[in-house]
Amino acid sequence: MQRRPCTVVIGGGVAGMSAGLNLAQRGVEVTLIERDAILGGRARDLCCKAIKTCQLCGGCLYSECLDAVKTDLDITSFSIKSHYRRLPFPFDLQGGTFAYHGNAVQVKSASGSVGKSQLSDVSVGVQWGGKVTLEVDSTGKSRVDLDEIYPWLLTHDTVKNFLKDFESMKGILWLDSLNLKGPVLQPRDWVFEARGRTENFLMTSSFLPDSLGVKQGRVEANQERLSFYDCSARILDTTLTGSGVFQGYTRGLRGVSLTLGGEVGEAGNAYLSNLIQLPEPFRLQSPLRFTGAKFSWARGGAISFTGQ
């Protein structure tokens, strides 16, 4: 197998950048070394000396040359360990590829950790020029520590407004797959599809009477609906097992459909009875055990509950 030729260019001025770009376009692997934090060399210090008339200093020519330099960067493998100021915990990423071309950055097939969360085979792309857009694709199994990640997400106003009905989330989310596209600053316009499972999950929400704890269960979500399957959960004094769907959960809940079994205590019985507006003479005595119960609710529509 023929090895790709490689070279090192010392100096990130106009000459160094031009030489490196010309070599890279001819198939040479180039490492550009510059002692300063930014590229440009002495050309960055040159400016037009004219006050009223041209002084023939050449400063404008250097500026035009520097503006004409286009940056293209392709890295075939990388390893980054850092504590980025916008993250309250360190991250460690490696593998995959990194590319920067004009107004787009893309990382493919990266793995690593962000705080206590573990990422596997994740690809991320960001593009700007008009709206800043984000694209995320993950096919590996990733472990998301919600105790760390969710409070950090709520520090961003755009995300906080998007998740306003979900006050807190704790526990572990195991992601089997994730695909997300949309403008960075407009989460309500994101199009996404996610699949995974929860472990020791605890959530408080404005549309629930108490914290919902889920010991385990499978979850699927997109921008319109949140579905769960084979979950073991507890809320108030009620234990439940089952599956269900929440419609419109990101824009104001529109409907709920549940298939459940379990035992309902006094507090849970009172909540359900009030929710379905069951008249006092027809309310059942607690504790209430049931199997194969079906509950449905639609905003501005009917509420139904059947079970054994």
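In this structure the side chains of arginine 289 and glutamate 263 meet in a salt bridge, at 2.9 Å from N to O, where a salt bridge is a side-chain nitrogen of Lys or Arg within 4 Å of a carboxyl oxygen of Asp or Glu. Arginine 289 lies in strand E17 and glutamate 263 in strand E16, so the pair ties together parts that are 26 residues apart in sequence. The model is predicted, with local features needing pLDDT of at least 70 and side-chain atom pairs counting only at pLDDT 80 or more, while totals for chains, interfaces and linings use all residues. Residues are numbered from 1 along each chain as its sequence is written, and side-chain values use heavy atoms, with hydrogens and water left out.

**Overall make-up**
- The secondary structure of the chain comprises five helices and 18 strands, these being DSSP runs numbered from the N terminus (helices H or I, at least four residues; strands E, at least two).
- Of the 308 residues in the chain, 30% are buried, a term that means under 20% relative accessible area, with exposed over 50% and partly exposed in between (1.4 Å probe, protein chains only).
- Among contacts with a separation of 6 or more, 42% come from residues 24 or more positions apart, a contact being heavy atoms within 4.5 Å.

**Strand pairing around E16**
- Strand E16 (residues 255–264) runs antiparallel to strand E15 (residues 238–247), to which nine bridges join it, and in this pairing glycine 242 stands opposite leucine 260; two strands pair if DSSP finds at least two bridges between them.
- Nine bridges also join E16 to strand E17 (residues 288–298), again in an antiparallel arrangement, with valine 264 standing opposite leucine 288.

**Salt bridges**
- Arginine 254 forms a salt bridge with glutamate 224, the closest N and O atoms being 3.5 Å apart. Arginine 254 lies in the loop between E15 and E16 and glutamate 224 in the loop between strand E13 (212–222) and strand E14 (225–235), so the pair ties together parts that are 30 residues apart in sequence.
- Arginine 195 and glutamate 193 form a further salt bridge, with 3.9 Å between the closest N and O atoms, and Glu193, Arg195 and Glu220 are linked in a network of salt bridges.

**Nonpolar core**
- Within the largest nonpolar core, which has 42 residues, Met169, Phe192, Met203, Leu212 and Tyr249 touch the most other members. The largest share of this core, five residues, comes from strand E11 (residues 166–183).
- A nonpolar core is a set of buried Ala, Val, Leu, Ile, Met, Phe, Trp, Tyr and Cys residues joined through side-chain atoms within 4.5 Å.
- Leucine 212, leaving aside neighbours within four places in sequence, is in contact with Phe201, Leu202, Met203, Ala233, Arg234 and Ile235.

**Polar contacts of two strand residues**
- Serine 123 lies in strand E8 (residues 117–127) and counts as buried at 18% relative accessibility, and a polar atom of the side chain of serine 123 lies 3.0 Å from the backbone nitrogen of serine 109.
- Threonine 204, in strand E12 (residues 191–205), has a side chain joined to that of serine 168 by a polar contact of 2.7 Å. A polar contact is a pair of N or O atoms within 3.5 Å; within protein, one must be able to donate a hydrogen and the other to accept it, and residues adjacent in sequence count only if both atoms are side-chain atoms.
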